[in-house]
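Here is a short note for someone opening this entry for the first time. Please keep the model in view while reading.

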Amino acid sequence: MIRSEVHRRRAVLAGQMLVIAAAYFGSGQLGLLRQVAVQSSVVTPLWPPSGIALASMLYLGARIWPGVALGSLLTVVSLSDSLTFWGVAVATGSALAPLCSYLALRVVGFRTELDRLRDGLALVFLGAMGGMMISATSGAGVQFLSGSLPAGQFWQVWSAWWAGDAMGVLMVTPLLLVLRRVRMPRLDDRWTETMALAVVAVGVTAVATRSSLSMIYLVFPVLVWAALRFQLAGSAPCALLMSVMAIVAGTDGVGPFEDHSVLEVMLNLSVLNGCVALTALLLAAIVTEHNNIRHETEVACEELAALVEELAPRPPAGPDPSGRGAV
């Protein structure tokens, strides 16, 4: 009985690793649909596998890391059509980055509910900006050591690599974390507002990213609406939608990205996506934390009122209506 339970757990873990590897590889292929060349190096403005890898570890723990490593290796092999030492080095760095991010988040007591401001800040600075330095250093460093990247172009490639991986964490990880708790809204005014938000988000983002009048700032009021009314369940999908539509416009060279060089487009996309992600994540965390504090205060007040009522002295019994006095 014990042996069969052990085999069952191992089989479940192996299945989870294969699913994570497939998700990593599949999302990598989607990310590469909008790849750009920075100094002859292939990078993406948004690398979804980094967000999937970190979210899977936050859900299932570090034991799922071999699945992330397998997905990373398969992605590198699909790009180079061969398995080389340098490819293994790049894949290792890409897999180590989310693992280090996960360990750093555990050290600071990160909660996957993202219901505190400190959790949002930890995900931004430790999970995205800090941890993804490892994959960027590995990717650009391998190209430099292999002789395919001149020393003068190292930091340009490093910055582009880091920005894509960090944006993957900031955009994809919060969305995956909130999916476990999301519930379909009831058919009431909340449902109507949800549909209205979706329509407005698509329309405004399309205008902002395709218009030549540089109206990209129009996305932020919609993002604030989503965060204030629906917290992370509303702001995370909106942020990802805005990021993807901006990347499509940027790689197509239309709207506010027209007549810009590749480096200028990458820089503009990184700044825009970073601002969108920070606004969505931190504002949603602040609103959620405020709502939780208000709820806890209301519960404490109700408990205090019940305790006061219980401890309050009761008035003495009145005279017996029969005239014989109180017993």
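1. Confidence. This is a predicted model: local features need pLDDT of at least 70, side-chain atom pairs count only at pLDDT 80 or more, and totals for chains, interfaces and linings use all residues. Residues are numbered from 1 along each chain as its sequence is written, and side-chain values use heavy atoms, with hydrogens and water left out. pLDDT is the predictor's confidence in each residue, from 0 to 100. Helices (H or I, at least four residues) and strands (E, at least two) are DSSP runs, numbered from the N terminus. The chain has a mean pLDDT of 87. Of its residues, 92% reach 70 or more.

2. Core. The largest nonpolar core holds 62 residues. Phe 110, Leu 123, Met 171 and Val 276 have the most contacts inside it. Such a core is a set of buried Ala, Val, Leu, Ile, Met, Phe, Trp, Tyr and Cys residues joined through side-chain atoms within 4.5 Å. A second, separate core has 16 residues, including Val 36 and Leu 149.

3. Helix H5. H5 (residues 117–130) bends by about 30 degrees at Leu 123. The bend is the angle between axes fitted to the seven residues ending there and the seven starting there. Its buried residues (under 20% relative accessible area, 1.4 Å probe, protein chains only) include Leu 123 and Ala 128. The buried residues of H5 pack against H2, H4, H6, H7 and H11, with contact meaning heavy atoms within 4.5 Å.

4. Pro 221. This residue is found in helix H9 (residues 219–230). Pro 221 is exposed, at 54% relative accessible area, where exposed means over 50%.
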